[in-house]
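Visitor: Please take a close look at one part of this model. I would like to know how the chain is built and what it touches.

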Amino acid sequence: MIRLDDIVVRFGDFEALHNINVHVKEGEFFTFLGPSGCGKTTTLRTITGFIEPVSGTVKMKGKDITHVPIEKRAIGIVFQSYALFPTMTVHDNIAFGLKIKKLPKQEIENRVQEIARKVELSQEQLKKAVAQLSGGQQQRVAIARALVTEPDIICMDEPLSNLDAKLRVQLRNELKNMQREFGITTIYVTHDQEEALTLSDRIAVFNKGYIEQIGTPNEVYNHSATEFVANFIGDINPIEGDILGKMALNPNQHHFIRLERVTVNHEERPGECRLQGVIESAEYYGLYIKYSIRCMGQRLKVIEKNDGIRIYEAGQEVVVGIAPGDIMSYPV
Amino acid sequence: MQKAIGRQKGLSAEKLWKVFGAVLFGYLFLGFMVIPCFNTLISVFSVKDASGKTDPFAVIRFFFSGTMPSFVWNSVKLALCLIVTVNVVGISIVLLTEYFDIKGAKILRLGYMTTLIYSGVALVTGYQFLYDNDGILTSWLAQTFPGMNRQWFSGFYAVLFTMTFACTSNHALFLRNAIRGIDYNTVEAARNLGARPFKVLFKVVMPTLLPTLFSLTVMTFITGLCAMSAPTLLGYDSINPEIVRLAGSSAADESFPQARAALLSVILAMFTIILLTTLNHYERKGHYLSVSKTKQKLQKQKIDNPVYNVLAHIYAYVLFIIYMTPVVMIVVFSFQNWQAIQSKTLSGFTFINYFGTEDYTYTRSNGKQKVVADAISGLFANNKTVGGIRLSFIMSAIAAALTCVIVVLVVNYIFKNKHSKKSRVAEACLLFPWLLPTILICYSYRIYFNDNIWYVFSKNLYYRENVQILIIIAYTVVKLPFALRMIKAAFYAIDDELEDAARNLGASSLVTFLRVKLPIVLPSVLAVFALNFNALFTEYDMGATFQSSHGTTYAMVIQSMTDEEGRNGFNRNATGRRCASTVFIMIVSGIILYLVYGVGARDLAERLALKEKRGRIIARLTGRKPKEEKAA
């Protein structure tokens, strides 16, 4: 559907994107994930046309759109701030793009009504000023405005970042449902790993203007291609010191294990390395408990499901289990 | 930093517009700001002696040997005294209405804010109506104390008294906002730590107000230094009236009057530049900002000591009386006939000072009766007054509109090219008039354009009706810095993503500007238009500097209204008409302030809610269902 080949973007002397290559498939929910300043928004703005690359091509449905003006790319955008026009009603916000295209009045009305029904905006809400809507309703307006012009793809730049945690989870689900319903190719930018993992069909993990890995949520989480990806997505324990020797791991590599893969007082698994440890602290999260365990001079973080039975106190001695298959190793 | 793709079509046309805009901007800046003012500066050093040789320091020598320093000293003295009196009155009216628990604070606030709806010449003539040798209060006092000096209200103290109350408008606006921004928790914390109310006031509240007070003090000093209407009307020899006098004088009457006027303007400019640079430097250091995330609204403080409490109430109401008496008297006497005004006693209610005309009959020295047709005329029936209103209305509206158009276009350019040198230069150009006193700009115009200047189509702009164009230009130039500060602040409210969104939806730069950006800043632009119009409509200083029979503004008409009152039976009710004029100004200003701060401040949500409410009321009154219910 959309393809970036060897995209390089420079701002003065600073190279923001180095040879970016991405291929987003039709109907896919594709996420650009990475920390601030990694190049994910720059890549998105290159696709939407706000930034002109120094070299490389942007192709949509096989057609080179690198130098096509923004408004002719058929790309809908949902902005971080939603960018809803504050002086217009919800209806006029949605109809804006259609009016610019000079569509007949009746058609504009029909399309606005249709999209409003699909994103569940009521007639009452259509008459309101955008400031009178809640954060979630504003997001629906922004999506409706982007979709009403029937774009080929829709780009979303951290649309949930301004919302509180609870609403973010709720809207995340709505967003995924809407994308499934419309079946539209979506490119989503976020720095929130949880958001990326729950929403995406595939994820591109960005770092310092490069793409470190492209893969499904399972691939990037369980088979992180680089140390950066392993570090950035989820929480990990570095394996160092005496544990390295006990597990006979290559000292010339960096080794990590995810928190949930370390077991506490569990039955021994085949080939598992068993270590004696002492609980240093326990953080109670309800669904699970996060322990900090001192083990062979190293502190290991461990997440255990809260089953109401196996709950450990600080100072308690435990047996920690690490399976060699769960270790992620990367060259130094 | 991001290099966005330009629209492919019309790129060259856009470039052409940019070049045209830059050339026009350069023409206006150089032609109407730099060259005339530079000419004034040069004229100080280009005086010729008797032999025709240029003597660059002749005026400066004259300055130090003659009486000219006294004008400068008088202005500085007035400015220094005003700093004290305006701050004392200004701070107290804000504390009395916003900080201390004073009974009737709402009424008091209305009284203290009356200077917002009438100022300048209208206020000074209002005070004259009360206090001058024939004023109401003076007449009443003279009846009680026959030996008193009826000329008591003139000179320095009269100017100081009048300007003290005239200049508290800024305190009423800005200091009030600053005090409302104080987090009440800080006051409670200080009380909790054992501080008494006045200790809290001086140690906690006042320090947070200091930046605002500093700005207000500098602005007050500049106002005092550049005072025009009060010194002119109340007879005080300060810089501005002297510049106007010298500008109208000729070399035949006195030594190089033009160069002396220019020197005084330049001295005034130097003061202004130094003060504003200091202010700017101070403002850059930043203000005290509340660090509170859960700010509590300030609650009124009770004055526990009963003696202080009574004294505070007495002080508050004395100030209220000083503020309100001229207003009440002017309103009341504007509905009185000329006999009642002359005798300072109330008689029947009349609209003659506003509408219609009447003949006046009097007995001549030879015992015969003479009838003077239309000797008594209302504000809207007197040709001279209506002419002044019409001219001021048109010139103010054009200048206010021009100012807004120029500033909106330049600010739009500045925001589109945020980090470019060109945008910084454009901004500095618009701020340039801020550094120059109004009198310098107007005086420079009057002198420089009183000749056929090539770049204004070789016309003399000070000649006959052309002076109206010159006044409009002066009005526009003088109001640019204020408009820039206000409109620039409004542009900050536009999220960059809005522009991106509009472009993404296919809108061109022009459509984005007209349909997305302009509607957002429009309330602020209209507010700037209204406030500038309001200030210019009754503007006196510039009108007085241009002093032209073809450019007699409303304020000049008001000033001269009573000059020939009753002479040979003409112009019998001039004082009454002047009262009516002040009432008219109060109504116009009141409406404008209501439109700006009341109606204009509403956002779309509030407007829609009001519309809905109106719909429901109409439906209830007519018995019909509102549109929304019908649709449902």
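Guide: The model is a predicted one. Chain A contains 18 strands and ten helices. Its C-alpha trace extends over about 75 × 45 × 35 Å along the principal axes. Of the 332 residues in chain A, 41% are buried. Among contacts in chain A with a separation of 6 or more, 64% are between residues 24 or more positions apart.

The domain assignment divides chain A into domain 1, covering 2–232, and domain 2, covering 236–331. A distance of 39 Å separates the C-alpha centres of domain 1 and domain 2 of chain A. Between these domains, five residues of domain 1 of chain A are in contact with five residues of domain 2 of chain A. The side of domain 1 of chain A that touches domain 2 of chain A is made up of three polar residues, one nonpolar and one charged.

Chain A also meets chain B: 27 residues of chain A are in contact with 25 residues of chain B. On the side of chain B that touches chain A, at least two residues each come from helix 20 (496–504), helix 21 (509–537) and helix 25 (604–622) of chain B. Helix 20 of chain B gives the most to this side, with six residues. By class, the side of chain B that touches chain A consists of 14 nonpolar, seven charged and four polar residues.

Definitions and conventions. Residues numbered from 1 in each chain as written. Chains lettered and ligands numbered in written order. Predicted model: local features only at pLDDT ≥ 70, side-chain atom pairs only at ≥ 80, totals over all residues. Domains from an automatic or database assignment. Contact = placed C-beta atoms within 7 Å. Nonpolar A, V, L, I, M, F, W, Y, C, P; charged D, E, K, R; others polar. Helix = DSSP H or I, 4+ residues; strand = E, 2+ residues; numbered from the N terminus. Buried ≥ 20, exposed ≤ 12 C-beta atoms within 10 Å, placed from the backbone.
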